[in-house]
Amino acid sequence: MEKDCGAWINLLSHKLKSRSNSMLQSLGITGVQSRVIYYILIHCQDGPVFQKDIESVFGLSRSTATGILQLLEKNGIIRRESVESDARLKSLVPTKRAVELDTQVRASLRNTDRMLTRGISDGQVQLFKEIAAQMLCNLEHWDEDRTDILSGSQQTP
């Protein structure tokens, strides 16, 4: 039986998580933690980074983001600092340990991307990114599309 798009995405996601976690295990972090560290390191230069940013960028629930950030904080990779303008807000600040991990995290992300795209042309990679972005958009509009379909008002493009 041929796999549908969702099955392929699920399979890719599972393999990617497993390989990333395996590669980063010696550093004491997971694949998703490495991406969060990378994001914080890059974006803290432009201004404060907050938990809401992590939730939004990675499509995480509040509880999942909290768990990831608590582990990073417990392991001395980030710290939370109160914001001067609003003491309730805590910005995510990379520690010296995060900076030390940066080179290995970047190398891991580059190697993973090279493995994923090996034998695939630049044009095909770009097309994949466009298709994946459209699929994500489709999922983000899932509820309203389902309502349109059920009411019979969906238009085909």
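Trainee: How many Å apart are the mean positions of the positive and negative charges of the protein?

Mentor: This is a predicted model, and the separation is a value computed from it. The protein carries 20 positive and 19 negative charges.

Trainee: Which pattern of helices and strands does the protein follow along the sequence?

Mentor: The secondary structure comes to seven helices and two strands. Over residues 1-137, the chain is 67% helix and 11% strand, and UniProt lists those residues, in an unreviewed entry, for "domain: HTH marR-type". Read along the sequence, the pattern of the protein is α-α-α-α-β-β-α-α-α.

Trainee: What percentage of the residues of the protein count as buried?

Mentor: The protein exposes about 11,600 Å², and carbon and sulfur atoms supply 54% of that area. A residue counts as buried when its relative accessible area is under 20%. Of the 157 residues of the protein, the share that counts as buried is 24%.

Trainee: Is Ser 20 buried or exposed, and why?

Mentor: Ser 20 has its place in helix H1, which covers residues 5-24. Leaving aside neighbours within four places in sequence, Ser 20 is in contact with Gly 31 and Thr 112. Because its relative accessible area is 12%, and buried means under 20%, Ser 20 counts as buried.

Trainee: Which class of accessibility does Lys 90 fall into, and why?

Mentor: Lys 90 is in strand E2, residues 86-94, and, apart from neighbours within four places in sequence, Lys 90 is in contact with Val 49, Phe 50, Arg 80, Glu 81, Ser 82 and Val 83. Arg 79 is eleven residues from Lys 90 in sequence, and their C-alpha atoms are 9.1 Å apart in space. Because the relative accessibility of Lys 90 is 36%, which lies between the cut-offs of 20% and 50%, Lys 90 counts as partly exposed.

Trainee: Is Lys 52 buried or exposed, and why?

Mentor: Lys 52 lies in helix H3, made of residues 51-58. Ala 7 is 45 residues from Lys 52 along the chain, and the two C-alpha atoms are separated by 30 Å. Because Lys 52 has a relative accessibility of 59%, and exposed means over 50%, Lys 52 counts as exposed.

Trainee: How many Å apart in space are the C-alpha atoms of Thr 117 and Val 32?

Mentor: Thr 117 is found in helix H5, residues 96-117, and is partly exposed, with a relative accessible area of 24%. Thr 117 and Val 32 are 85 residues apart in sequence. In space, from C-alpha to C-alpha, the distance between Thr 117 and Val 32 is 19 Å.

Key:
Residues numbered from 1 in each chain as written. Predicted model: local features only at pLDDT ≥ 70, side-chain atom pairs only at ≥ 80, totals over all residues. Heavy atoms only, no water. UniProt positions renumbered as here; feature names shortened; annotations may be inferred. Helix = DSSP H or I, 4+ residues; strand = E, 2+ residues; numbered from the N terminus. Buried < 20%, exposed > 50% of the residue type's maximum accessible area, 1.4 Å probe, protein only. Areas by Shrake-Rupley, 256 points an atom, 1.4 Å probe, with all protein chains shown as cover. Lys, Arg positive; Asp, Glu negative; His and termini not counted. Charge placed at Lys NZ, Arg CZ, Asp CG, Glu CD. Contact = heavy atoms within 4.5 Å.
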